[in-house]
Amino acid sequence: MGKVSLSKVWKVYDGKIVAVSDVNLEIRDGEFMVLVGPSGCGKSTTLRMIAGLEHISSGEIAIDDVVVNDIPPRNRDIAMVFQSYALYPHMSVRENLSFGLVMRKMAAEEIGRRLARAVDILGLGDLLARQPKALSGGQRQRVAMGRAIVRDPKVFLFDEPLSNLDARMRVEMRKEIIKLHRRIGTTMIYVTHDQVEAMTLGDRICVMESGVIRQIGTPGEVFDNPENAFVAGFIGTPPMNLLEGGLDRSGGGGVFRDGDLAATLPPAMAGMLPPAGVERVFLGLRPKSFVFRKKAPADALRDVWTVMPEVAEMLGEESLVHVRAGRRRFVISVDPHDLPEMDRPLEICPLMNRAHIFDSRSGRNLSRGLVLPGRHSMRRI
Amino acid sequence: MPGGRSDKPIPPPIAAGGVPAGLEWNREKTRFRRRLLIVHIPMALVVVFALAPYSWMFMTSIVTAEDILKLNIIGATPTLDHYIRLFSRINFLSNMINSFLVACGVMAAGLTLSITAAYSFSRFRFLGRAYLMKQFLVVNMFPIVLLIIPLFIIMRKAGLIDTYLAVIISHSTFAIPFSTWMMTGYMDAIPRDLDEAALIDGCSRLGTLFRVLLPLCMPGIVATGIYLFITSWNEYLYASTLAGGEMKTITVAIQSLIGEYVIEWGLLTAGGFVGSLPATILFLFLQRRLVGGLTQGAVKG
Ligand SMILES: Nc1ncnc2c1ncn2[C@@H]1O[C@H](COP(=O)(O)OP(=O)(O)OP(=O)(O)O)[C@@H](O)[C@H]1O
Ligand SMILES: [Mg+2]
């Protein structure tokens, strides 16, 4: 078992810096939960409170329904993988792996058995006699994971374990971690600032911003139904375009207006908006939610935007084109074989079925949960 | 068509650096000259400056008293007279043992206190931490003479005059603050992640100190230990005030060779030479660890 629950958890440093405020989070047994957010949002602090390395200012953290606020890290039955790996430099790989078991006075043959299993899972065979300084970054990373695996803990904690690896190695280790989780099925809590990592690894992800949880959900939910403008602007490569403008409710429907740009909300979306009180909004459109006018389906031709393509980024499968419309700049994704000419006016149509409307004051997604044809782009296979 | 390339000129042989061989040798020579000027000669001067008084002392200690007075030191016949007298007449061996015991005591007390203090300074953020650290540095700026009178009074009240304990405590008062600074520096160089990993792996706070921190700051501990030992070994003022009677340390014993009317130069220099031996030998043996310790922060990787 390895259920972790945080209720009303706060962390205040030095009586004034609020690093984590009122976090409520239930992590189920066996779940892979990713905490993600920009630098300084308090994800490491949250993880370190779960580990017991940081005092909890207020609130409760429970592991398997036992409140652990006052239990020292060594008695919480958790294991942690650090960004710096934190291998003991004065011990061989074998000693590093067995240190936690020796500290717990485990019998020698049991230690041997667990070491053998971890070595088998991670392919550490010929490294056991080496010192950490004689290992490459990827190998150190493996040893650090091995040190956690041999412990056979209730919960694994990872704090940005891949950010010191090069891009290729990172993809490689990401796969290994997914496989590891499948194989041992232990609860894992994983901190990263990289939303791609979060999307690929997490059963559920928890998006944080300045100490506050902005959304908890599966990668699909977070991508397709962001609860607020922050999540929309954080998740996705590149993230959702957020255009600020007014909401014109005359005539019963809803039209987004910003200067020359107008976008007609589908009736179902307009129907979800509160009858009054929302004047300024963000219109959220992912780069893939635009089509060239010449290829637009009939219902999208209602709104035609003339934009100026400025820069194109070739990504292989798609090209990202940075465009300007008046004083607004945003990104659209196009087929690389159909690249528009730069600095020549281009007519595009927003696919409004896929749009999101956020209240500009609270950032809340007013069109959340709306189901329309073609709206949900992300599916888990 | 093997003859196809024969019309091209054959390039001249190239040395490893991509420069024709003769040129390379010339460059090597100028490089050596420059190094001689900016490294070797200044180094030699520094060494001569440091070693000259020491060798002069040694040479003085192995010539007869008459030769010393005539300043006939370079050419005189060597003799071990002074050394024999040093150990037979004035019981220098027991002075050395006194010094050794005191220095070991200071080293033990100093390491215990400075390691534990450095651990808290390095790992905990407590009220007054910065202030205390600053005070530890400021203490070094007071002339130690200031403390002698109060220390003497305290020691007499405690009945400790002329005991090892008195000298050990007094030496500790000024050696520990600096050694705490030293140890704090070494511990700061060890990442906190390691403590935290150990805490999670099953260590208590004290366990992390013994199992992770101490093994990793061994070079620092050796350096600090040597500092404590040598500081105590060379100290004169406290040793003479608090234990100038029965249990003289070597510095006090050597000083007592300077009489009111005569100075026994031969004995004095022989004592000085013998007295400086332990520190020298200690340095020679631990040199590599010590240098490792002093540069640890720079080359950690
Ligand atoms: N020991 C500390 N004392 C004071 N403030 C701290 C301390 N540790 C963290 N903070 C502050 O708490 C906030 C959250 O820090 P935290 O390390 O949890 O961020 P993070 O989300 O892990 O960011 P990163 O991605 O950069 O690691 C930051 O504003 C940080 O400055
Ligand atoms: Mg962090």
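The model is predicted. In it, 15 residues of chain B are in contact with 22 residues of chain A.

**Where the chains meet**

- Together, chain B and chain A bury about 1600 Å², and 65% of that area is on carbon and sulfur atoms.
- On the chain B side, the trio of E196(B), I200(B) and D201(B) provides 39% of the area that chain B buries against chain A, more than any other three residues.
- Two salt bridges cross the interface of chain B and chain A by the rule used here.
- A salt bridge joins the side chains of D201(B) and R151(A), with a distance of 3.6 Å from N to O.
- Between chain B and chain A, nine residue pairs are in polar contact, with both residues at pLDDT 80 or more.
- Two helices of chain B, α8 (192-201) and α9 (205-216), each give two or more residues to the side that touches chain A.
- Of these, α8(B) gives the largest share of that side, with eight residues.
- Sorted by class, the side of chain B that touches chain A has nine nonpolar, two polar and four charged residues.

**The cavity**

- How many cavities of 30 Å³ or more are there? The count comes to one.
- The largest cavity has a volume of about 60 Å³.
- The lining is made up of six nonpolar residues, no polar ones and three charged ones.

**Two backbone details to look up**

- As background, most residues other than glycine have a negative phi, and most peptide bonds are trans.
- The peptide bond from T237(A) to P238(A) is cis, with omega near -10°.
- You can find P238(A) in the loop between α8 (229-234) and β11 (241-248) of chain A.
- D64(A) is a residue other than glycine with a positive phi, near 50°.
- Look for D64(A) in the loop between β4 (58-63) and β5 (66-67) of chain A.

How values were computed
Residues numbered from 1 in each chain as written. Chains lettered and ligands numbered in written order. Predicted model: local features only at pLDDT ≥ 70, side-chain atom pairs only at ≥ 80, totals over all residues. Heavy atoms only, no water. Contact = heavy atoms within 4.5 Å. Buried area = accessible area lost by both parts, 1.4 Å probe. Salt bridge = Lys/Arg side-chain N within 4 Å of Asp/Glu carboxyl O. Polar contact = N/O pair within 3.5 Å; in protein donor to acceptor, adjacent residues only side chain to side chain. Helix = DSSP H or I, 4+ residues; strand = E, 2+ residues; numbered from the N terminus. Nonpolar A, V, L, I, M, F, W, Y, C, P; charged D, E, K, R; others polar. 1 Å grid on protein atoms, 1.4 Å probe; cavity = no way out; pocket = protein on both sides within 12 Å on 5 of 7 lines; lining within 4 Å. Points joined across faces, edges and corners; volume = space filled by probe spheres on them.
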